[in-house]
Amino acid sequence: LWRGRCRALLSRPAGALRARRGLAAGPEMHFGFQSVTEEERREKIYQVFENVAKKYDVMNDSMTLGIHRVWKDILMHKMNPCPGTLLLDVAGGTGDIAFRFINYVRSVRQRQLQRKLKQHQNLSWQEIFESYQKDKFNSLGDSQVVVCDINREMLKVGKQKAQHLGYSEGLSWVLGNAEELPFDDDKFDVYTIAFGIRNVTRIDLALQEAYRVLKPGGRFLCLEFSHVSNPLLSRLYDLYSFQVIPVLGEVIAGDWKSYQYLVESIRQFPPQEELKAMIEDAGFFKVDYENLNFGIVAIHSGFKL
Amino acid sequence: VRCQQYPPLRALQASAVLGRASDEHKKEPLASSSQQHFDSPPAGHQPEEKPQGPHPSYTGQGGQESEDYESEEQLQHRILTAALEFVPEHGWTAEAIAEGAKTLGLSVAAAGLFHSDGSELILHFVSECNTKLSKLLKKEQKLVQLGEAEKKPIDEFLRDAVEARLRMLIPYIEKWPQALSVLLLPRNIPSSLNLLTSMIDDIWHYAGDQSTDFNWYTRRAVLTGIYNTTELVMMQDSSPGFQDTWRFLENRVADAMAMSSTASQVQSTGEAVVQGLMGAAVTVSNAETSRAVR
């Protein structure tokens with residue numbers, strides 16, 4: 001089984017290399033280690049996520065041993081949003097980033113209100129009452145998050161989760177394609193795409209759309225699996241990815257192929273520096289990346305200035 | 001192998017909110033990492049001027065220049081300056097920077113350009129204060145040179161300079177202790193120390209200090225001590241108009257002056273003693289030789 005994988009690794013389809021940057025050089029694109037046309041790729045990816053939608057969160061936990069939660073928390077801390085921020089979470093499917101955003105903004109807002117109250121020690125009862133009234137209905141401080149995903153099933157799961165966990169305020173769900181967002185220019189403060197840009201067929205288009213919908217001064221954040229440079233760790237990681245993950249997929253979600261695709265798509269995704277170059281090409285400034293776990297995951301950040 | 005085309009150098013374009021300057025003046029593009037990466041702007045972006053300056057090998061895109069170019073650093077500078085007015089309310093935090101960015105028409109996410117503990121904001125403020133102080137001292141010096149003002153004695157000069165500098169802290173005095181603690185973070189110590197020493201150097205320069213011996217160091221050390229202690233006294237001073245602080249400053253400067261005159265007194269006394277001993281030794285040796293000769 002291992003030798004078979006090695007052979008697959010070594011004999012990558014020719015078109016895949018050209019298509020690595022997400023540019024459609026001819027109709028050849030990569031779907032994992034296979035070579036497909038652009039349309040086929042979109043369809044296949046849609047099917048993958050349709051199949052995994054219900055078990056998406058469970059599989060995330062079991063594949064990454066729960067570490068994906070830490071990664072997403074780190075992303076949120078890096079963003080450090082203040083109340084009043086408008087977030088667009090693309091490929092946000094089941095809403096992990098959106099819920100974290102709401103929690104973060106809520107706690108920042110609490111601290112803000114507490115600080116305000118501490119300063120105003122000499123208010124009359126009437127004034128205190130009024131300030132409570134005003135702030136009670138503004139626990140998020142006008143922050144909002146729009147979750148956009150191309151896949152209806154993922155959005156459905158996300159909405160159910162939101163209902164289950166009690167998130168209703170400041171949250172909206174939109175069906176949309178990252179390569180062609182259904183939003184106006186200059187709308188959002190922050191654009192995030194967590195573990196989603198790998199599945200976009202034309203990454204350059206997605207980056208351009210990100211640039212378009214962000215306000216001047218807005219921030220682009222991308223959390224994605226990336227390239228491990230440490231050779232020992234890289235071998236262990238490959239071993240784990242190709243041997244364990246598809247098996248987990250079969251056992252837990254009953255879907256070997258989708259998780260095979262997942263692992264292969266990680267290998268096909270451009271490494272940190274290349275993605276940084278692509279982001280700069282789209283027009284972002286101060287583009288930077290931070291490796292988490294030695295490069296297993298990387299957070300890229302850029303500003304529209 | 002990456003296929004590379006060489007689209008024109010892209011400079012930082014200002015959108016309407018970032019302000020425009022006159023058409024002729026074009027600021028130089030910032031030499032940041034983004035300078036290495038090019039792109040052909042998507043349709044809808046304004047045409048760029050043919051870039052000049054240090055990169056003559058890149059071909060421009062033609063078209064007229066219609067917007068001003070601003071470097072990343074200048075934009076950051078503007079955001080920090082705008083953020084200062086929100087410091088009394090929010091402290092030296094990313095929130096103040098976010099509010100500042102909002103007033104410039106930028107998104108609040110621009111606060112992500114800086115550290116979340118507000119280090120850059122504080123360092124920016126300190127450097128601005130130092131620049132203001134320099135300008136003030138230079139103006140006073142010019143007045144003295146033109147004969148329109150009297151040259152102040154050293155102690156009064158130092159006192160006024162330190163007082164002027166510390167008065168700049170008054171609008172932010174409540175949050176200044178927080179700023180001091182951030183300035184002492186290991187990460188910030190090189191920059192904050194640099195700013196402090198250059199400010200003290202400036203004051204001595206305008207005070208007319210031209211020493212090239214060890215006095216240079218002692219003078220700066222003394223003034224740094226005076227400045228720091230006065231700053232700390234100011235932190236917890238609640239007297240009207242900070243009278244106690246200025247009185248403290250006056251006393252410390254007087255002490256320093258007295259110390260220096262005592263030092264020179266000690267030195268001259270020492271010299272006199274040594275000369276006396278030498279004279280005595282010469283006299284004794286002369287007496288010996290004359291006795292020997294006899």
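Contact means heavy atoms within 4.5 Å. The model is predicted: local features need pLDDT of at least 70, side-chain atom pairs count only at pLDDT 80 or more, and totals for chains, interfaces and linings use all residues. Residues are numbered from 1 along each chain as its sequence is written, chains are lettered from A and ligands numbered from 1 in the order in which they are written, and side-chain values use heavy atoms, with hydrogens and water left out. Helices (H or I, at least four residues) and strands (E, at least two) are DSSP runs, numbered from the N terminus.

**Helix 5 and helix 9 of chain B**

- In helix 5 of chain B, the residues B:Ile154, B:Asp155, B:Leu158, B:Arg159, B:Val162, B:Glu163, B:Leu166 and B:Arg167 meet B:Trp246, B:Leu249, B:Glu250, B:Val253 and B:Met257 of helix 9 of chain B.
- By class, this contact has eight nonpolar, no polar and five charged residues; Ala, Val, Leu, Ile, Met, Phe, Trp, Tyr, Cys and Pro count as nonpolar, Asp, Glu, Lys and Arg as charged, and the others, Gly among them, as polar.
- Two packed helices are described by the angle between their axes and the distance between the axes.
- The axes of helix 5 (residues 154-167) and helix 9 (residues 243-293) of chain B come within 10 Å and cross at roughly 145°. Axes are lines fitted to C-alpha atoms, for helices over the stretch in contact, and angles run from 0 to 180 degrees between N-to-C directions.
- The crossing of helix 5 of chain B with helix 9 of chain B is right-handed. A crossing is left-handed if the near helix is turned anticlockwise from the far one by less than a right angle, and right-handed if clockwise.

**B:Ser134**

- B:Ser134 belongs to helix 4 (residues 119-145) of chain B.
- With a relative accessible area of 18%, B:Ser134 is buried. Buried means under 20% relative accessible area, exposed over 50%, and partly exposed in between (1.4 Å probe, protein chains only).
- Not counting residues up to four places away in sequence, B:Ser134 touches B:Asp202 and B:Tyr206.
- The side chains of B:Ser134 and B:Asp202 are joined by a polar contact of 2.2 Å. A polar contact is a pair of N or O atoms within 3.5 Å; within protein, one must be able to donate a hydrogen and the other to accept it, and residues adjacent in sequence count only if both atoms are side-chain atoms.

**Chain A overall**

- Chain A has twelve helices and nine strands.
- Of its 305 residues, 55% count as buried.
- Among contacts in chain A between residues at least 6 apart in sequence, 75% join residues at least 24 apart.

**The sheet of chain A**

- Seven strands of chain A form an open sheet in the order 5-4-3-6-7-9-8, with mixed pairing. Two strands pair if DSSP finds at least two bridges between them.
- Strand 5 (171-175) and strand 8 of chain A are the edge strands, each pairing on one side only.
- On average, neighbouring strands of this sheet are turned by 15° against each other, direction ignored.
- Helix 9 (residues 203-213) of chain A lies across strand 3 (86-90), strand 6 (188-194) and strand 7 of chain A, and runs at about 145° to strand 7 of chain A.

**Strand 9 of chain A**

- Seven of the seven residues of strand 9 (residues 297-303) of chain A are buried, so this strand is largely enclosed by the rest of the structure.
- In a regular strand the side chains alternate between the two faces of the sheet.
- From strand 9 of chain A, A:Val297, A:Ile299, A:Ser301 and A:Phe303 point one way, and A:Ala298, A:His300 and A:Gly302 the other way.
- Strand 7 (residues 214-225) of chain A pairs with strand 9 of chain A in the antiparallel sense over seven bridges; A:Gly302 is the bridge partner of A:Phe220.
- Strand 8 (residues 285-292) of chain A also pairs with strand 9 of chain A in the antiparallel sense, over six bridges. A:Glu290 stands opposite A:Ile299, and A:Phe285 stands opposite A:Phe303.
- Strands 8 and 9 of chain A form a hairpin with four residues between them, and A:Asn293 in the turn has a positive phi of about 55°.

**Loop residues with positive phi in chain A**

- Most residues other than glycine have a negative phi.
- A:Leu65 has a positive phi of about 55°. A:Leu65 is found in the loop between helix 4 (56-63) and helix 5 (67-79) of chain A and is exposed, with a relative accessible area of 66%.
- A:Phe195 has a positive phi of about 55°. A:Phe195 lies in the loop between strand 6 and helix 9 of chain A and is buried, with a relative accessible area of 10%.
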